[in-house]
Structures are given as structure tokens and as C-alpha cells.
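Please keep the sequence and the structure in view while reading.

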Amino acid sequence: MKKVLVFASFVFAASVCAASAAPASVIDCYNEIPSSFFNGAKYELRRSGKKWLTASTADAEIEALVDIANGYIRIEDPGTGGGTRVDEVALFISKSGAVIIGINRKDIDGVVGTSSSLLFVSKEGGRWADVTQKVLPKTGLSSFFKPGFKPSDKVTILSWFELPRRGTTVVWNLDTVGVEARIGCEQNVAENKAVLANIKTKRIEFLYDAKTGTFTVK
């Protein structure tokens with residue numbers, strides 16, 4: 001499990017980080033990672049007693065979940081009410097002591113559906129670098145559907161990721177809210193119904209291998 005690994009490796013990782021001037025905790029990593037990895041819209045976190053606070057996109061004060069022991073951060077921002085933005089950050093440590101940070105930016109819309117973008121960063125040569133292609137296997141939306149099925153260009157299919165607060169499994173979800181909504185609004189009904197009829201799975205898991213510092217598809 002991720003958190004067992006974090007606890008078991010924390011002292012070792014801290015010494016490695018100290019030696020390489022890299023942060024040892026998820027909040028230290030978060031504060032150091034450039035905003036460019038957050039599409040230039042990174043939240044500034046500050047501690048107030050036992051709480052962690054930040055400003056929402058609507059300039060309202062909101063509370064963030066910062067779980068240092070489990071290497072996880074979650075910021076849920078309702079904005080002005082037109083949709084919710086969720087930022088997740090999770091820390092993974094390999095057996096070699098290498099620190100990998102997952103960054104997941106999720107956008108939730110009750111009509112359009114839910115989508116997210118996921119990347120992984122790590123320190124290379126003293127700088128944070130995108131290592132997504134090195135640690136995450138290549139796969140596409142076709143993995144959610146029965147063999148041979150190709151959705152029509154008339155439909156929009158969304159998907160979203162979940163980073164683990166506990167454990168090391170990253171989950172990739174197929175979103176069908178938008179498809180179902182378009183059927184209800186009689187938009188390309190046949191094409192959207194074909195999408196629902198050909199779903200093989202709505203959930204794909206990526207398992208973390210601490211030995212290699214990479215993920216594999218379950």
C-alpha cells in the first residue's frame with residue numbers, strides 16, 4: 001500500500017531528499033513545483049491552526065485537504081457555481097527513494113460531465129520535470145470499450161482520473177453523464193446510445209510498482 005510504503009520509506013526518503021535538496025513531504029513538493037505544471041493556475045496554500053486554506057477562483061476562502069502523513073492534497077473549488085474544479089496531488093516514493101508527484105486537475109460539470117488531466121513530475125538535474133510518459137503506460141479511450149468499437153465523431157467522450165489518498169492505485173474512470181444528457185436532449189441519440197451499449201468497463205486501474213517507480217494497467 002502507498003501509505004505503508006510512505007511510512008516505511010519516510011526516514012530514508014527524507015535523507016535522500018535532504019542530500020539532493022529535494023522536498024520530503026507532499027506540501028513541500030507542492031510549494032516547490034512550478035505553477036506551469038498546474039496550467040499556470042496553482043493555488044497558494046497557507047496553514048491556519050490545524051487547517052489549510054486557499055482562495056477559490058471566485059476569491060472566496062476555502063479549506064483544502066492536506067494529508068501530509070498519507071502524502072495527499074485535495075483542493076475542491078466550486079468557483080462561482082458553474083462547475084467545480086478539483087486539484088489532487090499525491091506523493092509516490094520508489095524503493096530507491098525517488099520522489100514522484102502526481103498532479104490531477106479535474107473539472108466537474110453536472111451537464112457536460114467530468115474530465116481531468118493527469119501528469120507526473122519528478123526532479124531531474126535539480127529541476128522538476130514531466131515524467132508522465134516514463135511512469136504511466138500508454139493507453140487510450142478504446143480500453144473502455146468492446147473490441148472493434150469506434151465511437152462516432154459526433155459524440156464527445158470524457159474521462160477522469162483519481163489519485164489515491166490511501167494505497168498506490170490510480171483510477172481512470174469513463175464519464176457517461178454527458179452522453180446520457182445528450183440522449184435526453186435528443187442530440188445524436190443513436191450515436192450516443194451506441195457508446196453506452198459498447199462499454200466494456202467504466203474503471204481502469206494503474207498499479208504502482210515501487211521497485212521500478214512506474215505504473216502498470218490492471
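Cys-29 has a relative accessibility of 0% and therefore counts as buried, since the limit for that class is under 20%. Cys-185 has a relative accessible area of 53%, and because exposed means over 50%, this cysteine is classed as exposed. These values, like the others below, are computed from a predicted model. How many disulfides does the count come to? The count comes to 0 disulfides, the rule being that a pair of cysteine sulfur atoms must lie within 2.5 Å.

Of the 218 residues in the chain, 46% are buried. Among the contacts with a separation of 6 or more, 52% are between residues 24 or more positions apart. The chain presents an accessible surface of about 11200 Å², and carbon and sulfur atoms account for 52% of that surface.

The aromatic residues deserve a separate look. A pair of aromatic rings is described by two quantities, the distance of the centres and the angle of the planes. The structure holds 10 aromatic pairs. One of them joins Phe-92 and Phe-215, whose ring centres are 5.3 Å apart; the planes stand at 85°, so the pair is edge-to-face, the cut-off for that class being over 60 degrees. Which parts of the chain does this pair tie together? Phe-92 belongs to strand β5 (residues 84-93) and Phe-215 to strand β12 (residues 214-217), so the pair links parts that are 123 residues apart in sequence. Both Phe-92 and Phe-215 are buried.

A second example is the pair of Phe-145 and Phe-149. The centres of these two rings are 5.4 Å apart, and with 50° between the planes the pair is tilted. Are the two residues buried or exposed? Phe-145 has a relative accessibility of 2% and so counts as buried. Phe-149 has a relative accessible area of 19%, and because this value is under 20%, Phe-149 is buried as well.

Elsewhere, the ring of Tyr-30 has the charged end of Lys-42 sitting over it, at 5.0 Å from the ring centre.

Notes: Residues are numbered from 1 along each chain as its sequence is written. This is a predicted model: local features need pLDDT of at least 70, side-chain atom pairs count only at pLDDT 80 or more; totals for chains, interfaces and linings use all residues. Side-chain values use heavy atoms; hydrogens and water are left out. Rings of Phe, Tyr and Trp (its six-membered ring) pair if their centres lie within 6.5 Å; planes under 30 degrees apart count as stacked, over 60 as edge-to-face and the rest as tilted. Helices (H or I, at least four residues) and strands (E, at least two) are DSSP runs, numbered from the N terminus. Buried means under 20% relative accessible area, exposed over 50%, partly exposed in between (1.4 Å probe, protein chains only). A charge sits over a ring if NZ of Lys or CZ of Arg is within 6 Å of the ring centre and within 35 degrees of the ring normal. Contact means heavy atoms within 4.5 Å. Accessible areas come from the Shrake-Rupley method with a 1.4 Å probe; for residues, only the protein chains shown count as cover.
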